[in-house]
Amino acid sequence: MKIYHFGESAGKEITKFGSNFIMSRVSQTEGSVHIGVMYLDKEGIIGFHQAVTPQLLLIIKGEGIVRGEEDELIKVREGDAVFWNKDEWHETTSENGLTAIAIEGEVDPELFMKEKEQPEA
């Protein structure tokens, strides 16, 4: 499991064509991917299971705790991105709720994001 940061501070200012915004790129793929939004309410859980494909979880709102195969608990919050490899066991929980975008397929977050230093939860 790896934790990245895609928040506004990790983005780049875009000014082409009269634009004025910040864009944080997260990945690029040539293959098939599934993209969905996950909503965890208070005490929500995405149970401990193996990733069917590489999976990138982008925390959009709220905070939670993630773990991989090592059972290390890591706190994540808005702007963090969690990456699990295919077949890696993992789990996500939230005490107060979180919203995340899940990207499942052949993605490589290291193309655009830097790994985040994160203390244990």
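In what order do the elements of the protein chain run from the N terminus on?

**View 1. The fold of the protein chain, from a predicted model.** From the N terminus on, the order is β-β-β-β-β-β-β-β-β-β, with zero helices and ten strands in the protein chain. Helices (H or I, at least four residues) and strands (E, at least two) are DSSP runs, numbered from the N terminus. The radius of gyration, taken over C-alpha atoms, is 14 Å, close to the 14 Å of the globule rule for 121 residues, so the protein chain is as compact as a globular protein of that length. That rule is 2.2 Å times the number of residues to the power 0.38.

**View 2. The largest nonpolar core.** Here you can find twelve residues, including Ile3, Leu40, Val66, Trp84 and Leu98. β6 (55-67), β7 (74-77), β8 (80-84) and β10 (98-105) each supply at least two residues of this core. A nonpolar core is a set of buried (under 20% relative accessible area, 1.4 Å probe, protein chains only) Ala, Val, Leu, Ile, Met, Phe, Trp, Tyr and Cys residues joined through side-chain atoms within 4.5 Å. Apart from this core lies another, of ten residues, among them Phe6, Val26, Ala81 and Ile103.

**View 3. Around Ala102, a residue of the largest core.** Not counting residues up to four places away in sequence, Ala102 touches (heavy atoms within 4.5 Å) His34, Ile35, Gly36, Met38, Gln55, Leu56 and Leu57.

**Reading the views.** Residues are numbered from 1 along each chain as its sequence is written, and side-chain values use heavy atoms, without hydrogens and water. In this predicted model, local features need pLDDT of at least 70 and side-chain atom pairs count only at pLDDT 80 or more, while totals for chains, interfaces and linings use all residues.

Technical notes. Buried means under 20% relative accessible area, exposed over 50%, partly exposed in between (1.4 Å probe, protein chains only).
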